[in-house]
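Please go through this fold with the sequence and coordinates open. The report below takes it part by part.

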Amino acid sequence: MSLQNSLPNMQDMIVRLVDLPEIGKNESAFAQKNILFRRPIAPEKSMVQDWVFANFGQYWSNEVEVAFSNMPPTCFIAQKEGEILGFACYETSSRNFFGPMGTSEFFRGQGIGEVLLVKSLLSMKEMGYAYAIIGGVGPADFYKKAVGATIIKGSEISIYQHLLPKKS
């Protein structure tokens, strides 16, 4: 059984990087709450990877490891003091792919994911991309609302279709 078959309606989306929303005010508001968005550095790799594994599992933890193999790491985190609240990666499963991304359950719905998403997409734009692919999307409505992403027709057959299953 592939991950593709275990996650129904899993499709890719595409987003234009030319007209991303402004997040400066959101980031400033989070700074007032001591929430910082930044790119982690090498000494933090195991902490970020362990947090992602504990909150989202092995697949995404492996992608964080790939993000740290890039220089600079193709990953952002949200943190409050010494606590990770969320993360976002890009260029891990494939070139020009955004994801995975996740926010701690307690902090979901507060805009942290949107800031992580836009910061990552802006970095992809700086790399020279005009569009980005959001791979294997679960919450399509979130991406549509946050950055105007649209479903790529036929993308239910994706790079994830032959993913090896996790062993128990």
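## Terms and basis

Buried means under 20% relative accessible area, exposed means over 50%, and partly exposed lies in between (1.4 Å probe, protein chains only). Helices (H or I, at least four residues) and strands (E, at least two) are DSSP runs, numbered from the N terminus.

This is a predicted model: local features need pLDDT of at least 70, side-chain atom pairs count only at pLDDT 80 or more, and totals for chains, interfaces and linings use all residues. Residues are numbered from 1 along each chain as its sequence is written, and side-chain values use heavy atoms, with hydrogens and water left out.

## The sheet

Seven strands form an open sheet in the order E2-E3-E4-E5-E6-E1-E7. The pairing is mixed; two strands pair if DSSP finds at least two bridges between them. Strand E2 (35-38) and strand E7 (150-151) are the edges, and each pairs on one side only.

E2 and E3 run antiparallel, joined by four bridges. Here Ile35 stands opposite Lys80 in E3. E3 and E4 also run antiparallel, with six bridges. Lys80 faces Glu83 in E4 across that pairing. Strand E5 (residues 97-103) and strand E6 (residues 131-137) run parallel and share two bridges. Phe97 stands opposite Ile133 in E6.

## Helices on the sheet

Helix H4 (residues 58-69) lies across strand E3 (75-80), strand E4 (83-90) and E5. H4 runs at about 120° to E5. Axes are lines fitted to C-alpha atoms, for helices over the stretch in contact, and angles run from 0 to 180 degrees between N-to-C directions. Helix H5 (residues 112-126) packs on the sheet and touches strand E1 (11-16), E2, E3, E4, E5 and E6. Contact means heavy atoms within 4.5 Å. The direction of H5 makes about 160° with that of E5.

## A buried strand and its cysteine

Why is E3 largely enclosed by the rest of the structure? Five of its six residues are buried. Cys75 is buried, at 0% relative accessible area. Cys89 is also buried, at 0%.

The whole structure has zero disulfides; a disulfide is a pair of cysteine sulfur atoms within 2.5 Å. The closest cysteine sulfur to that of Cys75 is in Cys89, 3.7 Å away, so the two are too far apart for a bond.

## Turns and cis peptides

E3 and E4 form a hairpin with two residues between them. Glu81 in that turn has a positive phi of about 55°. Glu81 is exposed, with a relative accessible area of 59%. Glu91, in the loop between E4 and E5, also has a positive phi of about 55° although it is not a glycine. Glu91 is buried, at 9% relative accessible area.

Met71 to Pro72 is a cis peptide bond, with omega near 0°. Pro72 sits in the loop between H4 and E3. Gly99 to Pro100 is cis too, with omega near 5°. Pro100 lies in strand E5.

## The largest pocket

The largest pocket has a volume of about 950 Å³. On a 1 Å grid over the protein atoms alone, a pocket is an open set of points where a 1.4 Å probe fits, with protein on both sides within 12 Å along at least five of seven lines; lining residues have an atom within 4 Å of a point. Volume is the space filled by probe spheres set on the points, which are joined across faces, edges and corners.

Of the 40 lining residues, Trp60, Pro100, Met101, Pro139 and Tyr143 are the closest to the pocket centre. H4, E5, H5, E6 and helix H6 (140-147) each give two or more residues to the lining. E5 gives the most, with six.
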